[in-house]
Amino acid sequence: LDPRCGKVHMDMTQPLHHYFIFSSHNTYLSGDQLASTSSPDPLRRALRLGVRVIELDCYDGATEPMVHHGRALTRPTTFRLCVDAVAKDGFTASEYP
């Protein structure tokens, strides 16, 4: 979407590989990738800004899946909170996946 026009300004009937896709790496981190907090808030912000591809690093938790940055010292958040954020804000900026 072109924010100046408020409408689609490109041909959206082409195959997916014909487009550039706004993506994000370590989307769930609130800061650096070594010792920050994992949170659904950065996910919400990225989705509202138009990011269409996000990354969730998922691991087994004691009682439910957790999202955090591998073997780093980041503090985890639950997978449920992250997917709830995606469900709520995933199509705020665009109706397209």
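Predicted model: local features only at pLDDT ≥ 70, side-chain atom pairs only at ≥ 80, totals over all residues.
Residues are numbered from 1 along each chain as its sequence is written. Local features need pLDDT of at least 70 and side-chain atom pairs pLDDT 80 or more, while totals for chains, interfaces and linings use all residues, and side-chain values use heavy atoms, without hydrogens and water.

**Exercise 1. The fold and its sheet**

Solution: 
- Count the elements. The protein has 2 helices and 3 strands. These are DSSP runs, numbered from the N terminus: helices (H or I) of at least four residues, strands (E) of at least two.
- Arrange the strands. The 3 strands form an open, antiparallel sheet in the order E1-E2-E3. Two strands pair if DSSP finds at least two bridges between them.
- Check one pairing. E2 (residues 66-67) and E3 pair over 2 bridges, in the antiparallel sense. Valine 67 has threonine 77 in E3 as its bridge partner.

**Exercise 2. Serine 38**

Task: Decide whether serine 38 is buried or exposed, and find what its side chain meets.

Solution: 
- Serine 38 lies in the segment before helix H1 (40-48).
- Apply the cut-offs. Buried means under 20% relative accessible area, exposed over 50%, and partly exposed in between (1.4 Å probe, protein chains only). Serine 38 has 3% relative accessibility, so serine 38 counts as buried.
- List contacts (heavy atoms within 4.5 Å). Beyond four places in sequence, serine 38 touches several residues, including Tyr28, Leu29, Val67, Thr74 and Thr77.
- Inspect the polar side. A polar atom of the serine 38 side chain lies 3.5 Å from the backbone oxygen of valine 67.

**Exercise 3. Aspartate 89**

Task: Trace how aspartate 89 meets residues from elsewhere in the chain.

Solution: 
- Aspartate 89 lies in helix H2 (residues 79-89).
- The relative accessibility is 4%, so aspartate 89 counts as buried.
- List the contacts. Aside from neighbours within four places, aspartate 89 contacts Arg44, Leu47 and Arg48.
- Pick out the polar pair. The side chains of aspartate 89 and arginine 48 make a polar contact of 3.3 Å. Such a contact is a pair of N or O atoms within 3.5 Å; within protein, one must be able to donate a hydrogen and the other to accept it, and residues adjacent in sequence count only if both atoms are side-chain atoms.
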